[in-house]
Amino acid sequence: MDGFQRRREQKKLNILEAALGLFMEYGVQKISIGEIAKKANVSQVTIYNYFESKHNLIHEVFIYYTDKAMDEFEQILTSNIAFPEKIKQIMFTKNETAKQIHEDFYQYLMREYTSGINYMEKIYTEKALPRFIDLFNEGKEQGYVDPNLSNEAILFFIKAMNEYIQREEVYQQILPLTEDIMKILFYGIVGKEEK
């Protein structure tokens with residue numbers, strides 16, 4: 001990649017980062033292209049040259065946010081820390097995200113996710129689910145996950161939960177429950193057994 005292309009990609013990344021930060025804090029509706037341009041230190045024309053419209057920019061931020069979240073998830077899963085610590089970090093990351101994300105931006109993400117565009121679904125199916133199976137297999141090997149539980153049953157539960165969350169009346173209310181849902185996913189209703 002030549003210098004011009006590198007600068008162009010860096011400028012695009014700066015716009016995506018600026019937009020993501022503003023959307024996380026204030027939501028999608030309240031933020032203008034002008035505010036994003038100011039934070040990214042570019043002109044509004046530059047944003048339109050890169051993304052054509054606010055709608056396209058929002059969509060690209062959605063993809064960027066999804067990729068970034070998947071990268072963080074991958075880093076936790078591939079780290080050399082013990083299984084319980086991985087679970088804690090995944091839960092902490094989810095909980096922190098739930099506290100930081102503006103309700104309007106979250107609702108937009110969920111509408112985008114359930115609208116048939118399916119970028120998040122593709123990442124979920126191709127990357128996240130296989131990594132969850134690896135994680136649960138690791139937990140089985142280390143004695144933290146019941147070895148009698150089949151991966152098929154675990155996947156069934158995760159997929160059922162995922163499908164339920166895609167319903168509008170559900171995803172509109174789920175954000176404050178993120179930490180509890182993660183605890184149920186990893187520890188069940190009875191709670192964590194002490195080892």
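**Close-up 1. The largest nonpolar core of this predicted model, with the members that touch the most others**. The largest nonpolar core holds 37 residues, and among these I15, F23, I36, I47, L57 and F105 are the ones that touch the most other members. At least two residues of this core come from each of helix 1, helix 2 (33-40), helix 3 (44-51), helix 4, helix 6 and helix 9 (168-171), and helix 1 gives the most, with 8 residues.

**Close-up 2. The surroundings of I36**. When neighbours within four places in sequence are left aside, I36 is in contact with I15, A18, A19, L22, F23, I31, I47 and L57. Of these contacts, I15, F23, I47 and L57 are also listed, like I36, among the residues that touch the most other members of the largest nonpolar core.

**Close-up 3. The largest pocket and the residues closest to its centre**. The space in the largest pocket comes to about 1,200 Å³, and of the 38 residues that line this pocket, Y65, A69, K94, T97 and M120 are the closest to its centre.

**Close-up 4. The helices and residue types in the lining of the largest pocket**. Helix 1 (3-26), helix 4 (54-78), helix 5 (83-100), helix 6 (103-114), helix 7 (119-141), helix 8 (151-165) and helix 10 (178-187) each supply at least two residues of the lining, and the largest share, 8 residues, comes from helix 4. By residue type, the lining of the largest pocket is made up of 27 nonpolar, 7 polar and 4 charged residues.

How values were computed:
Residues are numbered from 1 along each chain as its sequence is written. This is a predicted model: local features need pLDDT of at least 70, side-chain atom pairs count only at pLDDT 80 or more; totals for chains, interfaces and linings use all residues. Side-chain values use heavy atoms; hydrogens and water are left out. On a 1 Å grid over the protein atoms alone, a cavity is a set of points where a 1.4 Å probe fits but cannot get out, and a pocket is an open set with protein on both sides within 12 Å along at least five of seven lines; lining residues have an atom within 4 Å of a point. Grid points are joined across faces, edges and corners, and a volume is the space filled by probe spheres set on the points. Helices (H or I, at least four residues) and strands (E, at least two) are DSSP runs, numbered from the N terminus. Ala, Val, Leu, Ile, Met, Phe, Trp, Tyr, Cys and Pro count as nonpolar, Asp, Glu, Lys and Arg as charged, and the others, Gly among them, as polar. A nonpolar core is a set of buried Ala, Val, Leu, Ile, Met, Phe, Trp, Tyr and Cys residues joined through side-chain atoms within 4.5 Å. Buried means under 20% relative accessible area, exposed over 50%, partly exposed in between (1.4 Å probe, protein chains only). Contact means heavy atoms within 4.5 Å.
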